Amino acid sequence: KLRAIGGVWLTGMGVSMAYNATQTSLSPSVKVIHSRIYAQALTLTCLLGSAAAEWYDVKYNNRRVVDDDPYVYKPPQGTRTAPVGR
């Protein structure tokens, strides 16, 4: 997802730079600033959409994000673990 969002930012920056290049009344520094602002707004919209999609998946598809977390320790199959608290 982060690569996709980075790609959206890069594409948004390029498109807005191309659009601002047609504006002859603006100085080059103002064109860059406007392009960055447009790209940031597009990126924030993409992040909010991604967060909303994750929330919807967790809430309505009865999936738990914790089960899919690759950073949670899972003991190897076939090993016994000691009960906790005994």
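Q: In which helix is the place of Asn20?
A: In this predicted model, the chain holds two helices and zero strands. Asn20 falls within the one that spans residues 2-21, which is helix H1.

Q: Is Asn20 buried or exposed?
A: The relative accessible area of Asn20 is 2%, and a residue counts as buried when that value is under 20%. Because 2% is under this cut-off, Asn20 is classed as buried.

Q: Which residues does Asn20 touch, not counting residues up to four places away in sequence?
A: One of the partners of Asn20 is His34, a contact in which the two C-alpha atoms are separated by 7.8 Å although the residues are 14 apart along the chain. With sequence neighbours up to four places away set aside, the residues touched by Asn20 are Lys31, His34, Ser35 and Tyr38.

Q: How far from the buried Lys31 is the nearest side chain of opposite charge?
A: A salt bridge would need a side-chain nitrogen of Lys or Arg within 4 Å of a carboxyl oxygen of Asp or Glu, and Lys31, although buried, has none. For Lys31 the nearest side chain of opposite charge belongs to Glu54, and the distance to it is 39 Å.

Q: Which residue has its backbone oxygen 3.3 Å from a polar atom of the side chain of Lys31?
A: Leaving aside neighbours within four places in sequence, Lys31 is in contact with Met17, Asn20, Ala21, Gln23 and Leu26. Among these contacts of Lys31, the one whose backbone oxygen lies 3.3 Å from a polar atom of the lysine side chain is Gln23.

Q: Which residue has its backbone oxygen 3.3 Å from a polar atom of the side chain of Ser16?
A: Ser16 has its place in helix H1 and is buried, with a relative accessible area of 6%. Once residues up to four places away in sequence are left out, Ser16 touches Ser35 and Tyr38. Of this pair, the residue whose backbone oxygen lies 3.3 Å from a polar atom of the Ser16 side chain is Ser35.

Methods: Residues are numbered from 1 along each chain as its sequence is written. This is a predicted model: local features need pLDDT of at least 70, side-chain atom pairs count only at pLDDT 80 or more; totals for chains, interfaces and linings use all residues. Side-chain values use heavy atoms; hydrogens and water are left out. Helices (H or I, at least four residues) and strands (E, at least two) are DSSP runs, numbered from the N terminus. Buried means under 20% relative accessible area, exposed over 50%, partly exposed in between (1.4 Å probe, protein chains only). Contact means heavy atoms within 4.5 Å. Lys and Arg count as positive and Asp and Glu as negative; His and the chain ends are not counted. A polar contact is a pair of N or O atoms within 3.5 Å; within protein, one must be able to donate a hydrogen and the other to accept it, and residues adjacent in sequence count only if both atoms are side-chain atoms.
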